[in-house]
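Please examine the sequence and the three-dimensional structure shown below.

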2 protein chains.
Amino acid sequence: MQATMPKIRFRDPQIEMAHGAGGKASRRLIEGLIVPLLCDSPTGPLGDAAHLMMNGAPLAITTDSFVVKPLRFPGGSIGELAVNGTVNDLAVSGARAQSLVVTLILEAGLPAETLEAEVRAMSDAARRAGVAVVGGDTKVVEHGKADGMYISSCGIGRIIEGVDIAPQSVRPGDRVLLSGPIGDHGITILLARGELGMESDLCSDTRSVLPLVEALAAAAGPAIRWMRDPTRGGVATSLNELALDCGLGIHLSENRIPVRDTVRGACELLGLDPLHIANEGQFLAVVAPEFAEAALAALRAAPGGGAAEIIGEVREQPAGAVLCSTLYGGTRVVDMLVGDPLPRIC
Amino acid sequence: MQATMPKIRFRDPQIEMAHGAGGKASRRLIEGLIVPLLCDSPTGPLGDAAHLMMNGAPLAITTDSFVVKPLRFPGGSIGELAVNGTVNDLAVSGARAQSLVVTLILEAGLPAETLEAEVRAMSDAARRAGVAVVGGDTKVVEHGKADGMYISSCGIGRIIEGVDIAPQSVRPGDRVLLSGPIGDHGITILLARGELGMESDLCSDTRSVLPLVEALAAAAGPAIRWMRDPTRGGVATSLNELALDCGLGIHLSENRIPVRDTVRGACELLGLDPLHIANEGQFLAVVAPEFAEAALAALRAAPGGGAAEIIGEVREQPAGAVLCSTLYGGTRVVDMLVGDPLPRIC
């Protein structure tokens, strides 16, 4: 029996696509219904991974499900996303993935070669990320009830020594680092669906960010205040969540944020902000100012980190909000993602 | 790069419902495709949970997905199954669940009250089982693409002291114990779908079996050779897998196997064997003969274990098979489940 009734603030009558988009509606669902009921001993809002004690030693655990459509796209596939996404959630929580378990929900009629390709993709991604798949489960539902396949992945990992991150440790003056160009994954998925009628050689950025996180940790370990991989909802949503959690303002410089021309063009066509587009191989870090240049140099020197940038800084004001100085000299408010312009991106 | 190419023996052209039913087709898929490709360092066929070393101490990890239809049924619901199923997979591997993470795949249009009911069901089941839910993930797919909701659950647990089980440790003369009546869950789901046009007060047996496993461990710890919760594919499939894994014969006495009249009646009507019907709150154990009576007494003395029985024993022959002496004095071969007579039971 519970001593106190949890507060259920979620009042939407039914689930909509936006509740899965990673933006405002997702946060309302998670914080208004799921966390109050399910997580009895809240340690604040759920982060990318939970850290807990097991047999007297700390470990990190995380889980994610993947419903991306189509299953394969330039640069990756659902199986690769499932492994990299879990490795990355652990990495940005300050942990090194050790073991994964996966569940497959398959649709009757799925060609065996499609399944084989995704199992191989998981295997290859796990090998590249240095993680072992130690177990799993497979279910089958009727044709039409799972859009090919869905994957859930759960990973446990060891804490990276000297890294202890928390939004509450963020201070005014801290710098915001970004590992590379944004929006590649989301726009690749959109183009792969043929919805824009555009051709391009854009690829998803799906990869393990652990090597970059380790390079950062080696250069600036205790100076890292916070990390996040800006997947659903993009950089804008991740930084708004940080701003709310630490109660400070985040100031971005638009001209420092790397965005490929194809991504920028597609966003202009659709009226989307690249800051709202999902990434699967980038991460954000907030670092104490005196370590920012060393952190940037370490990221740029690591393979795949050549395009890293310091994209902004933390200030006292405006508390709980994100601002961006534009290319034209103005300043705009960067909000969380609202609605779901790009459904089923991961 | 891999040094040796894994052997892919799975040759079915596409996925069918039977591949998810837990019987022969499931084993062919898992052992013929998924394990060879995905689990590089096989420690034999995947058990209920993997045991591994983390920070120098052992832990158990398991995962399962749940696609049961309907979402709610007499005695339980998908949320309760997701928690109990994961706790039970850990328990029969000889581990005490400590922490769970869950993923929800929701369908657009799902009433919020349905979701709330399942989140509450998970929360209640977790509290009863003494396990904490420490994280999760939520995705939304279009209406019609997830049949309401699917849940995946992953749990980690601590090894129960003095229990070390492996099919290879099973010896001729060992006794087979069963915790209670079989088939309640599968037949409850069938009746809940209205497919039989029968009314009954049968309920799913979904529960945590950890208290029973702990009672057994206290009475017969090192004498426990093997445990399994006979979910999809039922007792017949679990014992056939054991027979194959240990290369011995398993002899059951039909008159010792507890089956409720409703379950027996429904099975006769459908031409099904209660030994093939899924359970969600029972477990099988193989125990050294000198501890069998003490083990049975301990199970029967524990809450919910009053109907436990010794249902058979292990012999040298027939190697790799399960036999059952019938009520009429004959003997029949008990095979694994073939096909999928009861789809989406968990």
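This is a predicted model: local features need pLDDT of at least 70, side-chain atom pairs count only at pLDDT 80 or more; totals for chains, interfaces and linings use all residues.

Residues are numbered from 1 along each chain as its sequence is written, chains are lettered from A and ligands numbered from 1 in the order in which they are written, and side-chain values use heavy atoms, with hydrogens and water left out.

Chain B contributes 79 residues and chain A 80 residues to the contact between them, where contact means heavy atoms within 4.5 Å. About 6900 Å² is buried between the two chains, and carbon and sulfur atoms give 66% of it; buried area is the accessible area (1.4 Å probe) that two parts lose on being put together, summed over both. On the side of chain B, the residues that lose the most area to chain A are B:Ile15, B:Leu38 and B:Lys139, together 10% of what that side buries.

The rule finds 10 salt bridges between chain B and chain A, a salt bridge being a side-chain nitrogen of Lys or Arg within 4 Å of a carboxyl oxygen of Asp or Glu. One of them joins A:Asp64 to B:Lys139, with the closest N and O atoms 3.9 Å apart. Several elements of chain B each supply at least two residues of the side that touches chain A, among them helix H1 (24–38), helix H3 (112–129) and strand E6 (132–141); helices (H or I, at least four residues) and strands (E, at least two) are DSSP runs, numbered from the N terminus. The residues of this side of chain B divide into 43 nonpolar, 19 polar and 17 charged, with Ala, Val, Leu, Ile, Met, Phe, Trp, Tyr, Cys and Pro counted as nonpolar, Asp, Glu, Lys and Arg as charged, and the others, Gly among them, as polar.

Within chain A, seven strands form an open sheet of mixed pairing in the order E9-E11-E8-E12-E10-E13-E14; two strands pair if DSSP finds at least two bridges between them. Its edge strands, E9 (224–228) and E14 (331–334), each pair on one side only. E9(A) and strand E11 (residues 284–287) of chain A pair in the antiparallel sense over four bridges, and A:Trp226 stands opposite A:Val286 in E11(A). Helix H5 (residues 210–220) of chain A packs on the sheet, touching E9 and E11, and its direction makes about 170° with that of E9(A); axes are lines fitted to C-alpha atoms, for helices over the stretch in contact, and angles run from 0 to 180 degrees between N-to-C directions.

A salt bridge also links A:Arg27 with A:Asp245, the closest N and O atoms being 3.4 Å apart. A:Arg27 lies in helix H1 (residues 24–38) of chain A and A:Asp245 in helix H6 (residues 234–246) of chain A, so this pair ties together parts that are 218 residues apart in sequence.

Finally, the backbone deserves attention. Most residues other than glycine have a negative phi, and most peptide bonds are trans. In chain B, the peptide bond from B:Lys69 to B:Pro70 is cis, with omega near 0°, and the bond from B:Gln317 to B:Pro318 is cis, with omega near -10°. A:Asp147, which is not a glycine, has a positive phi near 50° and is placed in the loop between strand E6 (132–141) and strand E7 (149–159) of chain A.
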